2 protein chains.
Amino acid sequence: MSCKIPENIKLCSEEDLGKEFIERVIGKTPTYVCVIGNTETAKIPGVSAAGANPDITDTTPAADMELLHYGRCKCIEGVPVTPTGVPTPGIITMSATKMSKMPIFVMNAGVKVKPHVPYFELDGSPGEDIRTGKAVKNAERTFDRAVLAGKALAKISNYLVIGESIAGGTTTAYGVLTALGYDAKGKISSSMIDNPAALKENIVQEGLRNCGLSESILKKDPMMAVEALGDPMIVAAAGLAVGAAESVPVLLAGGTQMAAVLSVIKGMDDSVLDNIALGTTRWIVEDKSSDLIDLVSQIAKVPVLAADLNFSTSKYDGLNVYEKGLVKEGVGAGGSSIAAMLMSDGKINARNLLDEIEKNYVRLVSRR
Amino acid sequence: MSCKIPENIKLCSEEDLGKEFIERVIGKTPTYVCVIGNTETAKIPGVSAAGANPDITDTTPAADMELLHYGRCKCIEGVPVTPTGVPTPGIITMSATKMSKMPIFVMNAGVKVKPHVPYFELDGSPGEDIRTGKAVKNAERTFDRAVLAGKALAKISNYLVIGESIAGGTTTAYGVLTALGYDAKGKISSSMIDNPAALKENIVQEGLRNCGLSESILKKDPMMAVEALGDPMIVAAAGLAVGAAESVPVLLAGGTQMAAVLSVIKGMDDSVLDNIALGTTRWIVEDKSSDLIDLVSQIAKVPVLAADLNFSTSKYDGLNVYEKGLVKEGVGAGGSSIAAMLMSDGKINARNLLDEIEKNYVRLVSRR
């Protein structure tokens, strides 16, 4: 069996496995699940651009979910923006899911601000600052609940696309990957143009010192690694993927945060890895300040796909800046774009997706 | 098109519509959603048998959901029982969903005790005693959220089976049906052998006096009727059905409580009624102290189906008593049995379902 890979999907690593994955899901309706959470880590100055200021990052995941459901936010005015006013990548996800009529579900791994939408509740808690070395409570309980939800969703889904919204999430991803023994230094992405890699390294090192656990213990136990240095999203997304990928394909939709999710999946149940791919944006795979492909290759033979989005022709500054390396990914923007292209038989491509994104951008941003 | 109706499913009213409904769903995997809630009404002495004593009825819905997910309860020892020790009808649902491998989802409309399982959260509140005339807060918000969840589930479901677990729910059903102008007197079922109809009538009348709303206002506004005299389950189940039945069939799984849900559906969006059926047990349709068929016929041309379960041959007292009119229905026992029979191509019938129920009964009850 062989199918035509849509023109705006790039196979970035493990190309044969990537083609096989695409063959299993092309033409099918996916179930998109966005896992949301908060971590106090986002409030460390300089860590996150997922909010106009550190305190408002608490509202970003809730606002993103409202955007996906209603086409506008309810818990805040306008949409989440970076400190310089660039809008959330949720606009991309909203446009892709709307064009394709993809079903959308939300899973709350632990947020401080609840979205005004229905969501799967796992009874997890928001995450603490990872510098404490005690970042997440009851990781295994959250994981187990997410596994059950993943199994149930898999029974009625062709495949799952798992996205995330959690401000500060690349720093916690760095923490988990490091705790699990992967070489993540200089390889973690950032929502900013100038990747604050040294700041993140200091944060992770402080957390490692404070967690009171040895390298060898952390390395063997993904739940301990998340409890020490992770965030609630990572453990819920990993559980969801483990539960679902037993029976249906799973596309992890995100950048280096999804590498951290993958590292937890591998540590908990490596038998599902051959049913998993990672889908992101071109801006992530071309980013010179991070290295998603290398991170994934350290973890497992899992293909990386990228949506070949290009905003350089856009007449809107807030979209143009994606080409300069701001934002890049989030809310499963890349993976949901890939899934929309795959389910539409070529009808949705990077060009008309940009048209839809610009339409929503004008409606949501320019008029504020 | 014509299909063979499984032998243990009875067409109890609107037979032609019932056959058409069955033809649309036979052989297909349903999505079972159990809507849970609490109402303080359950604690009025003599109202509910869904718990060994009034106070413990708070835990019954959570315990039922754990039973469906794990085959045992977590928040209580053993399983929920009536004051005389008869186990929850959740054992029937658990047996039907297990035999058929039906996917199970939980929707929290407003509980005091959260189940140890993943669930859809609508951010509703537990219900108050309906004698206050102020039974439910923010009914419309809960309804709207449930509509969104129903739309999303419908996109990935062949059809929905909607069950409930809420102690005291027949009394609140009586309240809503009365508020909406239906003649429910002497027609509401009970989990007890001696239906406390006079007690329920007094409770409803007290609520009507205290709600401060006229008959004509209540009759026109299902959300006001639920806020005055209902419970959170009714409004969430109605929203879920309205959202889903736009595009897929919906089987309301329950007795007279589902008649109340149907009355709210009709008041909110009567365009979906032709995609709805009600599925219950033989014990409900044969009950002489209530009249489900008449209630449904007052509301809409919606077929009533019944699972022809028969526990008279069972050697276990706790199952035998169903034939005497105790428990009768709950946790979508009848509807999930019907759905299991419909999806199994005749493999699941009343006989082998009883075998499975007895197996689970012995494991869960006899050994306590």
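B:Lys74 lies over the face of B:Tyr70, 4.2 Å from the ring centre; a charge sits over a ring if NZ of Lys or CZ of Arg is within 6 Å of the ring centre and within 35 degrees of the ring normal. In chain A, the charged end of A:Lys74 sits over the ring of A:Tyr70, at 4.2 Å from its centre. The model is predicted, and local features need pLDDT of at least 70, while side-chain atom pairs count only at pLDDT 80 or more. Residues are numbered from 1 along each chain as its sequence is written, and side-chain values use heavy atoms.

Turning to the two chains, a rotation of 180 degrees with 0.0 Å of shift along its axis superposes chain B on chain A, with an RMSD of 0.0 Å (least squares on the C-alpha atoms of residues with pLDDT of at least 70 in both). The copies are thus related as by a two-fold rotation axis. Within chain B, the C-alpha nearest this axis belongs to B:Phe120, 2.2 Å away.

A:Phe105 is buried at 3% relative accessibility (under 20% is buried, over 50% exposed, in between partly exposed; 1.4 Å probe, protein chains only). B:Phe120 is also buried, at 2%. Together, A:Phe105, A:Phe120, B:Phe105 and B:Phe120 form one aromatic cluster.

How values were computed
Chains lettered and ligands numbered in written order. Phe/Tyr/Trp six-rings, centres within 6.5 Å; stacked < 30°, edge-to-face > 60°.
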